[in-house]
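Here is a short report on salt bridges. Look at the sequence and structure first, then read on.

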Amino acid sequence: KYGIGLKELWRLDPSRHTPGLVQHSFGWPLDNRTGGGSFLYHLEDNQAVVGFVVHLNYENPTLSPFDEFQRFKTHPMIAPTFEGAKRLSYGARAITEGGWQSAPKLSFPGGLLLGCAAGFVNVPRIKGSHNAMASGCLAAEVVTLALQQGRVHGILSDYEEGWRSSMIGRDLEPVRNVKPLWSRFGTVLGVALGGADMWLNTLFGWSPFGTLSHGGPDYKSLKPLSEVTPIVYPKPDGVVSFDKLSSVFLSSTNHEEDQPVHLR
């Protein structure tokens, strides 16, 4: 279970800047069956970061997460923030969203998977750095013990067996049904049910749903092109919305012009 997060850094007109302001949204411009949402954080020095996350279990193969992000910035409640502003940089990254139900095998001979590679992102809290650090601490403990006992190149099963009872597990278990409910029932009802379930888990350690499965890998959610209405995106205006090439130019991605293709 994955998402893709797209993000831009802007320098705002001082009159449009509110240091410390945090805004989040669900849904628009996505339809009710497509999971995702935005963030807009006002930083120091008249800067702000704006971003959009799209869950990769969407159905329409013509959907473009990049263009959904650009369209989001044209919303009448968002666009005024960027009047007189300048876009400084752009970037994107994959997000592991499966959480409690989707953690892979985390230990192998001589190594461990930590943080986001292990799938420890807390999706409803929109954060993962706390669990990344906690998994690093847990890994350090089991590695230190193994070295003290003279064990090398072995499988560190203590880490595999211990993360669910650690602060990582205590963080991820109460929110385990939020994404499955969102995927099953859509943004409006699914987010409401997920919020209720999260609070029941947090306050009482109980869920009426038990532990829901994710219902299959993301790629199986795509419908054939013949079964969907193709999405036609508006042409970027170069002021608030932009094309992909100018965005990649601002991402600081650099490679040789004759660099061989590395994907096979």
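## Salt bridges across the chain

Arg-125 is partly exposed, with 43% relative accessible area. This is a predicted model. The partner of Arg-125 is Asp-171, and their closest N and O atoms are 2.6 Å apart. Asp-171 is buried, at 12% relative accessibility.

The whole structure holds eight salt bridges. Among them is the pair of Asp-218 and Lys-1. This pair links distant parts of the chain, 217 residues apart. Asp-218 lies in the loop between helix H5 (178–204) and helix H6 (244–249), and Lys-1 lies in the segment before strand S1 (2–11). Asp-218 is buried at 8%. Lys-1 is buried too, at 16%.

Glu-8 and Lys-73 also meet in a salt bridge. Glu-8 is in strand S1, and Lys-73 is in the loop between helix H1 (65–72) and strand S5 (86–96). They are 65 residues apart. Glu-8 is buried, with 1% relative accessibility. Lys-73 is buried as well, at 0%. Arg-87 joins Glu-8 and Lys-73 in a network of salt bridges.

| Salt bridge | Closest N to O |
|---|---|
| Asp-218 and Lys-1 | 2.8 Å |
| Arg-125 and Asp-171 | 2.6 Å |

Methods: Residues numbered from 1 in each chain as written. Predicted model: local features only at pLDDT ≥ 70, side-chain atom pairs only at ≥ 80, totals over all residues. Heavy atoms only, no water. Salt bridge = Lys/Arg side-chain N within 4 Å of Asp/Glu carboxyl O. Helix = DSSP H or I, 4+ residues; strand = E, 2+ residues; numbered from the N terminus. Buried < 20%, exposed > 50% of the residue type's maximum accessible area, 1.4 Å probe, protein only.
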